[in-house]
Structures are given as structure tokens and as C-alpha cells.
Amino acid sequence: MADKLRTQQQLEALQNKYIGTGHADTTKHEWTSNIARDSYASFQGHPPLLHYMSIGMGQGVERTRVHCMESMVLPCGPAPATEEG
């Protein structure tokens with residue numbers, strides 16, 4: 001029983017520290033948005049990958065970086081309407 005409690009506490013600590021790990025109330029849209037934002041941040045943080053992407057897109061590195069930053073605003077489009085009640 002103590003192992004189960006310790007595991008649950010470690011999971012909660014991870015969820016508080018890293019938003020992208022999600023929780024029971026995370027919607028599919030939030031989950032996919034977190035993954036997309038994490039990917040765009042990784043692209044920007046690894047210059048060789050950013051350079052590779054810019055060659056493939058046929059544009060400059062800075063233009064590709066700006067495209068990644070702009071895509072982080074709404075990576076999966078607006079959130080779907082929810083029913084409350």
C-alpha cells in the first residue's frame with residue numbers, strides 16, 4: 001500500500017512540475033496542444049534541426065523560427081466548445 005501511495009505522490013509531483021504530463025481532467029485538445037508546443041520549442045532549441053527544416057521549406061532559418069513561434073499560439077486551432085451544465 002505504501003508503494004502505491006508513493007507512486008501516486010511522485011506522479012502528482014511530476015504533474016505539478018511539468019504541465020505537459022497531463023492529469024485526469026486534461027482534454028484531448030489540451031494534450032495535443034502541449035505536444036505540438038513542445039515540438040515547436042524543440043525545433044527552435046536545436047539549430048541543426050531548424051536548419052534542416054528551413055532547407056526543406058525553402059526559406060531562411062529566421063523565417064522558419066518565426067513560423068514555429070507563431071504556430072505555438074494556437075497549434076491545434078481554437079479549443080472546441082464544451083457543454084457545461
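In this predicted model, Ala2 belongs to helix H1, which spans residues 2-17. With a relative accessibility of 51%, Ala2 counts as exposed, because the cut-off for that class is over 50%. Ala2 is also set apart from Glu83: 81 residues separate Ala2 and Glu83 in sequence, and their C-alpha atoms are 39 Å apart in space. Helix H1 also holds Gln15. At 25% relative accessibility, Gln15 is classed as partly exposed, since this value falls between the limits of under 20% for buried and over 50% for exposed. Leaving aside residues up to four places away in sequence, Gln15 touches Thr21, Gly22 and His23.

Attention now turns to the aromatic rings. Across the whole structure, the search returns one aromatic pair. The partners are Tyr40 and Phe43, arranged edge-to-face, with 6.1 Å from centre to centre and 85° between the planes. The edge-to-face label applies because the angle between the planes is over 60 degrees. Both residues sit in helix H2 (residues 28-45), and because they are three residues apart there, about one helical turn separates Tyr40 from Phe43. As for solvent, Phe43 has a relative accessible area of 24% and is therefore partly exposed.

The packing of two further helices comes next. Helix H3, made up of residues 47-57, packs with H4 at an angle of about 100°, and the two axes are 9 Å apart. H3 is therefore roughly perpendicular to H4, as the range for that description is 65 to 115 degrees. On the H3 side, the contact is made by Leu50, His51, Met53, Ser54 and Met57, while H4 contributes Val61, Thr64, Arg65, His67 and Cys68.

Thr64 is found in helix H4, which covers residues 61-71. Is Thr64 buried or exposed? Its relative accessibility is 1%, so Thr64 counts as buried, the limit for that class being under 20%. The side chain of Thr64 reaches the backbone oxygen of Gly60 at a distance of 3.0 Å. When residues up to four places away in sequence are not counted, Thr64 touches Leu50, Met53, Ser54, Met57 and Gln59.

Whereas Thr64 is buried, Val66 has a relative accessibility of 36% and so counts as partly exposed. Val66 and Gln44 are 22 residues apart in sequence, and their C-alpha atoms lie 9.2 Å apart in space.

Note on methods
Residues are numbered from 1 along each chain as its sequence is written. This is a predicted model: local features need pLDDT of at least 70, side-chain atom pairs count only at pLDDT 80 or more; totals for chains, interfaces and linings use all residues. Side-chain values use heavy atoms; hydrogens and water are left out. Helices (H or I, at least four residues) and strands (E, at least two) are DSSP runs, numbered from the N terminus. Buried means under 20% relative accessible area, exposed over 50%, partly exposed in between (1.4 Å probe, protein chains only). A polar contact is a pair of N or O atoms within 3.5 Å; within protein, one must be able to donate a hydrogen and the other to accept it, and residues adjacent in sequence count only if both atoms are side-chain atoms. Contact means heavy atoms within 4.5 Å. Rings of Phe, Tyr and Trp (its six-membered ring) pair if their centres lie within 6.5 Å; planes under 30 degrees apart count as stacked, over 60 as edge-to-face and the rest as tilted. Axes are lines fitted to C-alpha atoms, for helices over the stretch in contact, and angles run from 0 to 180 degrees between N-to-C directions. Angles under 35 degrees count as roughly parallel, over 145 as roughly antiparallel, 65 to 115 as roughly perpendicular and the rest as oblique.
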